[in-house]
Amino acid sequence: MKAAVVHDFRKPLSIDDIPKPEPRSGEVVVKVETCGVCHTDIHAAHGDWPIKPTPPFVPGHEAVGLIERIGSEVKGLREGDRVAVPWLGWACGACEFCSSGRETLCPNQQMTGYTVDGGYAEYVRAHASFVGRVPEGVDPLDAAPLSCAGVTTYKAVKVSGARSSDLVAIYGIGGLGHLALQYARIAGASVAAVDLVDSKLALARDLGAEHTVNSAIDDPVEAIQALGGADVAIAVAVSPVAFEQAFRSLKRGGTLVFVALPADNTMQLPIFETVLHGITVVGSIVGTRVDLADTFQLHAEGRTRVVRETRQLEQVNDAFEQIEKGAVDARLVFDLR
Ligand code: NAD
Ligand code: ZN
Ligand code: ZN
């Protein structure tokens, strides 16, 4: 089968012919229809993070497709079912975190497109109990971004505690950010969107953001403090500078949610202001299987809009370059149909 493979963190991906996976016990093999390009895939391909994947590997954790083969011991799924294969490929179900409903913190977890091969391929193998059922009527081109960008920001807004009278600042209106702002609005909050690119701010306004700031031109901290400060700031921009600005745009008692994972892993977090202003800083990693089902349901009800453009798998290296330049409106999705 055809797959985009990372062989070396310093080299472009290559389109290879690799063996088609076979389902083992408890697994399914999915014929991939679509797979979104998450910025995480770029970090994976570059080996950006403290824990690195082992080349050669196939990235991609926003895969959506039809189940083609079912291994032994799989219950509740049938050939032909449309499912998503998300980042959380498997969790042990037995550790302290799994047992307390926090499976995304499982220390034994497998991560799709990182520790196991992902969806930049014609077929992907997945643990049956960790695939997400895509509801009838949801376009596979929409379902792909929802399976990471969607569920991650749905969860981030949930952990932020954003409520109807709140102002939520979203730093970075990319694949994640354009959905984060919609979940904040669904929670009833007003949104201030911050990005370096005007077209992304136009998109943010189109999606309902009440305020926008181009931080390449204006100081977002000043602009948001002039509105009274943000109750919540969600950092989905791939830059520690944006995290620092997000912190300083908070109102007293505010909450900063860390979501993006820039290669440069540190930021300045002032102790004095955190203490005196009673600030909460919280990290948020993807979402559980229930969060994913909720995310799909909101979309099936017509309450979210996925902004995306399609590409062919062969364009993977150009796609990465365009995303890194900020030249993409929200998400790119490979169409493998
Ligand atoms: P993206 O490239 O689609 O979007 C990033 C956006 O940030 C772009 O619009 C870009 O213009 C903007 N930006 C860059 N620098 C900025 C700055 N200084 N100020 C304001 N905006 C700025 O990326 P994405 O796919 O949305 O992913 C974002 C990050 O989230 C990545 O680091 C990714 O690895 C991470 N991520 C985390 C999780 C999680 O569970 N925590 C899940 C998925 C992705
Ligand atoms: Zn992702
Ligand atoms: Zn576990």
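Trainee: Which protein atoms are the donors of the zinc ion (ligand 2)?

Mentor: C38 (SG), H61 (NE2) and C148 (SG). They lie 2.0 to 2.3 Å from the zinc ion. A donor is an N, O or S atom within 2.8 Å of the metal (3.2 Å for Na, K and Ca), so these three qualify. Water is not among the atoms, so the site may look incomplete. This is a predicted model: local features need pLDDT of at least 70 and side-chain atom pairs 80 or more, while totals for chains, interfaces and linings use all residues. Residues are numbered from 1 along each chain, chains are lettered from A and ligands numbered from 1, both in written order, and side-chain values use heavy atoms, without hydrogens or water.

Trainee: What spacing do the donors follow along the chain?

Mentor: C-x22-H-x86-C. H61 sits in the loop between α1 (39-46) and β4 (63-70), and C148 in helix α2; they are 87 residues apart.

Trainee: Why is H61 called buried?

Mentor: Its relative accessible area is 1%. Buried means under 20%, exposed over 50%, partly exposed in between (1.4 Å probe, protein chains only), so H61 is buried. C148, at 5%, is buried too.

Trainee: Where does α2 bend?

Mentor: At L146, by about 50°. That is the angle between axes fitted to the seven residues ending there and the seven starting there.

Trainee: How many residues of α2 are buried?

Mentor: 19 of its 21. Just after the helix, G161 takes a positive phi of about 75°.

Trainee: What makes Y154 and Y183 a ring pair, and of which kind?

Mentor: Rings of Phe, Tyr and Trp (its six-membered ring) pair if their centres lie within 6.5 Å; planes under 30 degrees apart are stacked, over 60 edge-to-face, the rest tilted. Here the centres are 5.7 Å apart and the planes at 80°, so the pair is edge-to-face. Y154 belongs to helix α2 and Y183 to helix α3 (residues 177-186), 29 residues apart. Both tyrosines are buried.

Trainee: How many aromatic pairs does a search of the whole structure find?

Mentor: Six. Ring pairs also link W49, W87 and Y114 into a cluster.

Key. Helix = DSSP H or I, 4+ residues; strand = E, 2+ residues; numbered from the N terminus.
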